[in-house]
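Okay, thanks everyone, let's get going.

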Amino acid sequence: MKLSKITESKPIIGLEVHIELKTKSKIFCSCSTDYFGKAPNTLTCPVCLGLPGTLPVPNKKAIEKTIMLGLALNCKISSLSKFDRKNYFYPDLPKGYQISQYDLPLAVKGELKFKVQSAKCKVRIRRVHLEEDTAKMTHLGNFTLIDFNRSGVPLVEIVTEPDFESSSQVEEFLKYLQKLVRWLGISQADMEKGQMRCEPTVNLEVVKEGKTYYTPLVELKNINSFSFVRKAIDWEIQRQLEEFEKTGRVKEKGNKTTRGWDEKTGTTVLQREKEEASDYRYFPEPDIPPIKITASQISNLKSQICELPQERLARFVREYGISEYNARILTEEKEISDYFEEAVKEGKGTLEPTFIANIIINKKVDVSKVSPANLVKSLIQQQTAIKIGGSDLEKIILEILSQNQKAVEDYKKGKVNALQFLIGQVMAKTKGQANLGELKEKLIKLIS
C-alpha cells in the first residue's frame with residue numbers, strides 16, 4: 001500500500017557530547033593524560049588496565065572542573081553525587097564495565113542560550129556527569145588494534161534535552177560549547193585529536209493525514225568534526241523521511257538504533273540496536289564512596305569562573321562601541337579578549353577602542369609576541385608622525401558615512417555607540433593617522 005504524502009515534518013534532535021578534561025593525571029590513577037602521539041600502551045598501570053585487586057582513587061581536579069562547567073551551563077549542582085558501574089562488554093573496556101554516573105550526576109537542569117545567525121536559541125541541559133574514557137580501537141582490515149593510553153582519561157558528558165530542530169543549531173551549540181570549555185581552561189576540546197566527540201540522537205515529528213507520528217530514534221555515534229555532525233544529521237533526517245514514506249514505521253520501545261557516519265560515502269550506516277539504561281545494569285561503584293559537595297565549595301568554584309564569552313561580547317559592544325561582528329571575533333579566544341582590554345587601558349584618552357579592535361583583527365596582531373603596551377606605543381607613534389586633517393579627512397569621513405548608513409541612522413536615534421563605531425571605521429581607513437579631535441568634530445557636523 002502506497003502511503004499518502006507527508007504534509008509536515010520537524011526534526012527532533014538531542015545531544016550527548018563527550019569532552020576530555022585537561023588534567024595531569026587520569027581520573028582514577030596517576031598515569032599521564034598526555035597520550036596523543038605517544039607510543040601505544042605506554043601510559044598505563046594496573047588501575048587503568050582494570051587488573052584484579054586494584055582500587056580507583058577519584059581525581060579531585062576532574063570533579064572540580066566538571067562542577068565549573070555545570071555552573072557555566074547554569075546547572076544546579078548536586079549536594080550529593082556518586083559514581084556507578086555501567087556494565088557492558090566491549091574490547092575497549094578492560095574491566096567489562098565503565099565507571100560513570102547514573103542517577104546522581106554532578107550537575108543537572110541547566111540551559112545555554114546562543115545565536116544562530118540573528119535568531120536566538122535556548123537549549124536545556126539535562127545533566128553534566130563525569131566518567132572514564134575508553135581505550136582507542138584502530139581497525140586494520142581483519143584486525144583490530146587497541147591502545148589503552150586513553151583508557152581512564154577524565155571524560156565529562158553533557159546531555160541535552162531534544163531541543164534542536166536543525167543541524168545548524170547543533171553546529172553553533174557545539175562551537176560555543178568548545179569555546180566555553182577552552183575559555184574556562186578545563187579542556188582543549190580538539191575534535192581532530194578526539195578530545196571532543198558528539199553523539200546526536202535524531203528522529204522526526206511527522207504529520208500525515210492530520211495525525212502526528214514519531215519516527216524511531218537513531219543515535220549517531222562518535223562524530224569528531226563540526227562539518228561531519230551537520231552532514232550526518234542532514235542525511236539522517238532525509239533517510240528517516242524516506243523510510244517513513246515507505247514503511248510507516250514509528251517510534252516504539254526497543255526500536256532505537258545506532259548508526260555510524262561514513263565520511264567516504266556521505267551516509268549513515270546501521271551498527272546495532274541501542275541498549276536501554278536497564279541493559280547496562282547500573283549499580284553504585286562499591287570502591288568509591290559518595291561525594292558530598294558543600295555550598296562553600298560550590299561558591300568557591302563559582303568565584304573562579306571569569307566573565308563568560310557571551311557576557312564579555314555584550315559588554316564590548318555596550319562599553320566600547322565596537323560592532324557585534326568585531327566583538328564576536330575578539331571573544332573567540334580568551335587570550336585575545338584579555339589582550340584587547342589591556343590595550344584599551346593602555347591607550348585610554350589617546351586611541352579609540354574601535355580603532356584598537358580594528359588593528360588587532362585586521363592586522364592579525366600576534367598577541368604572544370607583541371605586548372599591549374608596545375602595540376599602543378607603536379600606534380601612537382604612527383599617529384604623531386603624520387596626521388590627516390582638513391579636506392582630506394572630510395573626504396574620508398563622507399566615504400565612511402555613505403558606506404555605513406545604518407550606523408548614521410542609529411546615531412541620529414540617540415545610540416552613542418554608533419558614533420564610536422564610525423570613528424573606528426575612519427581610523428582604520430586612515431591607518432590611525434587621522435587627527436582624533438578634528439575627526440570627532442567633523443563627524444558630528446557632517447552627520448547633522
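So, by class, how many nonpolar, polar and charged residues does the lining of the second largest pocket have? Bear in mind that this is a predicted model. The lining has 13 charged residues, along with 7 nonpolar and 3 polar.

The volume of that second largest pocket comes out at about 750 Å³. There are 23 lining residues, and the ones closest to the centre are Y176, K179, Q310, L313 and R328. Where does the lining come from? Helix α2, residues 167-184, gives the most, with 7 residues. At least two residues each also come from β6 (107-116), β7 (119-132), α5 (309-320) and α6 (324-330).

Y320 and F340 are another edge-to-face pair, with 5.5 Å centre to centre and 90 degrees between the planes. Y320 is in α5 and F340 is in α7, residues 334-346, so this pair ties together parts that are 20 residues apart in sequence. Y320 and F340 are buried as well.

Then there's a cluster: Y88, Y102, Y280 and Y282 are linked by ring pairs. One of those rings, Y280, has K86 over its face, 4.5 Å from the ring centre. Elsewhere, K193 lies over the face of F36, at 5.0 Å from the ring centre.

Conventions:
Residues are numbered from 1 along each chain as its sequence is written. This is a predicted model: local features need pLDDT of at least 70, side-chain atom pairs count only at pLDDT 80 or more; totals for chains, interfaces and linings use all residues. Side-chain values use heavy atoms; hydrogens and water are left out. On a 1 Å grid over the protein atoms alone, a cavity is a set of points where a 1.4 Å probe fits but cannot get out, and a pocket is an open set with protein on both sides within 12 Å along at least five of seven lines; lining residues have an atom within 4 Å of a point. Grid points are joined across faces, edges and corners, and a volume is the space filled by probe spheres set on the points. Helices (H or I, at least four residues) and strands (E, at least two) are DSSP runs, numbered from the N terminus. Ala, Val, Leu, Ile, Met, Phe, Trp, Tyr, Cys and Pro count as nonpolar, Asp, Glu, Lys and Arg as charged, and the others, Gly among them, as polar. Rings of Phe, Tyr and Trp (its six-membered ring) pair if their centres lie within 6.5 Å; planes under 30 degrees apart count as stacked, over 60 as edge-to-face and the rest as tilted. Buried means under 20% relative accessible area, exposed over 50%, partly exposed in between (1.4 Å probe, protein chains only). A charge sits over a ring if NZ of Lys or CZ of Arg is within 6 Å of the ring centre and within 35 degrees of the ring normal.
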